[in-house]
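Let's walk through this model together, going from the overall layout to a few local details. Keep the viewer open as you read.

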Amino acid sequence: MTQELASEGTRVLPAAATSLAPLDDGGPLTDDEALDWVATLRVPGPERDRALAMLHALMERAARHQVRRMRHLLRPADLATVEELTTAAADGALAALLGKLDTFEGRSRFTTWAYKFAILEAATEVRRRSWSGREVSLDGDERLTDPGPGPEQLVLAHDLADAVRLALDEALTDHQRRVAVALLVEQVPIDVLADRLGTTRGALYKTLHDARRRIRAHLTAAGYLFPTSRTGAR
Amino acid sequence: MTHDSPRLTEQTARLLALRTDPWLSCEDCFDRMDTFAEALLTRPGADDLAMRVHVAGCPACAEELESLVELVARENGLDAAPALRRLHEPVG
């Protein structure tokens, strides 16, 4: 293992910004100090309290980063609550992380592993805020709008679009069609759709995956896709 | 719906017909996100086809992985651009 982490002397806990040097040996990244994070967080006491405070600061940093990336989705009224949103996301992420602390295997640096909880929490919350009060229609096929005249090279693509529309109608179940249209045509965020339908992001993605398989089989049978093709139209 | 109904856009049609095999769930993607983000940033030859396929078909996971790559890159003085380019290379 040639990975070099910039350490900061004898710190018990790592700073957030220790450096990752490029690797060329193909081995996993390790973070010796990650063991200190996990061990410290497991044992009640002042050190754990200090670690929790540091970890919450890391969560806030990552949540703020995510909210800033997605702030264009927020309405003006929500922009005034960005800090509140960031703190709430950090709180939620910290709770989620602590619930999964035993699953940390050290395959990445602890801070990278921790950041993803805050990013997920913040992104989900921004999507929810941006769609709060907006209706999610689940008619399934009434939002398939005409894109209008396109470049000449889209003639074949229009043939594909027609074929996909036919596949939506003929190859999918009502539920698959509603989910596929809501997610990909209406562009309802998957977290928002999961909330409205009382299901999970994972379950919706599986429904979409199955729908895509059926669409592709339909297109292949109709001659629009080669059986071995991954994405392209003929 | 009949064949005379309004058309989908080309982009949306391709997203609907996207091949998302090998299968990876959003939960699996989340589990592997940190490891893959670091690999993209630090190992030029690193790849995870299932992750790239999933990200191509799941805009939410794509946003979150891109964000993680950017954050880790920024905090470690690395350039995120090459990693993001490799993340979105065509999956073939």
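Domain bounds here come from an automatic or database domain assignment. For chain A, that assignment gives domain 1 (32-131) and domain 2 (136-234). Before going on, please note that this is a predicted model, in which local features need pLDDT of at least 70 and side-chain atom pairs count only at pLDDT 80 or more, while totals for chains, interfaces and linings use all residues. Residues are numbered from 1 along each chain as its sequence is written, with chains lettered from A and ligands numbered from 1 in the order in which they are written.

Chain A has nine helices and zero strands, where helices (H or I, at least four residues) and strands (E, at least two) are DSSP runs numbered from the N terminus. Of its 234 residues, 37% count as buried; a residue is buried if 20 or more other C-beta atoms lie within 10 Å of its own, exposed if 12 or fewer, and partly exposed in between, with C-beta atoms placed from the backbone.

How do the two domains meet? Four residues of domain 1 of chain A are in contact with four residues of domain 2 of chain A, contact meaning that the C-beta atoms, placed from the backbone, lie within 7 Å.

Now turn to helix H8 (residues 190-197) and helix H9 (residues 201-221) of chain A, whose axes come within 9 Å and cross at roughly 105°. Axes are lines fitted to C-alpha atoms, for helices over the stretch in contact, and angles run from 0 to 180 degrees between N-to-C directions. H8(A) is therefore roughly perpendicular to H9(A), a label for angles of 65 to 115 degrees. H8(A) contributes Ile190(A), Asp191(A), Leu193(A) and Ala194(A) to the contact, and H9(A) contributes Arg201(A), Leu204(A) and Tyr205(A).

Gln187(A) has a positive phi of about 55° although it is not a glycine. Gln187(A) counts as exposed because it has 11 C-beta neighbours inside 10 Å.

In chain B, look at helix H5 (residues 80-87), whose buried residues are Ala80(B), Ala83(B) and Leu87(B). They cover an arc of only 65° around the axis, so they lie on the same side of H5(B); the arc is that of the directions from the helix axis to the C-beta atoms. The face turned away from this buried side carries the exposed residues Ala81(B) and Arg85(B).

Terms used:
Parallel < 35°, antiparallel > 145°, perpendicular 65-115°, else oblique.
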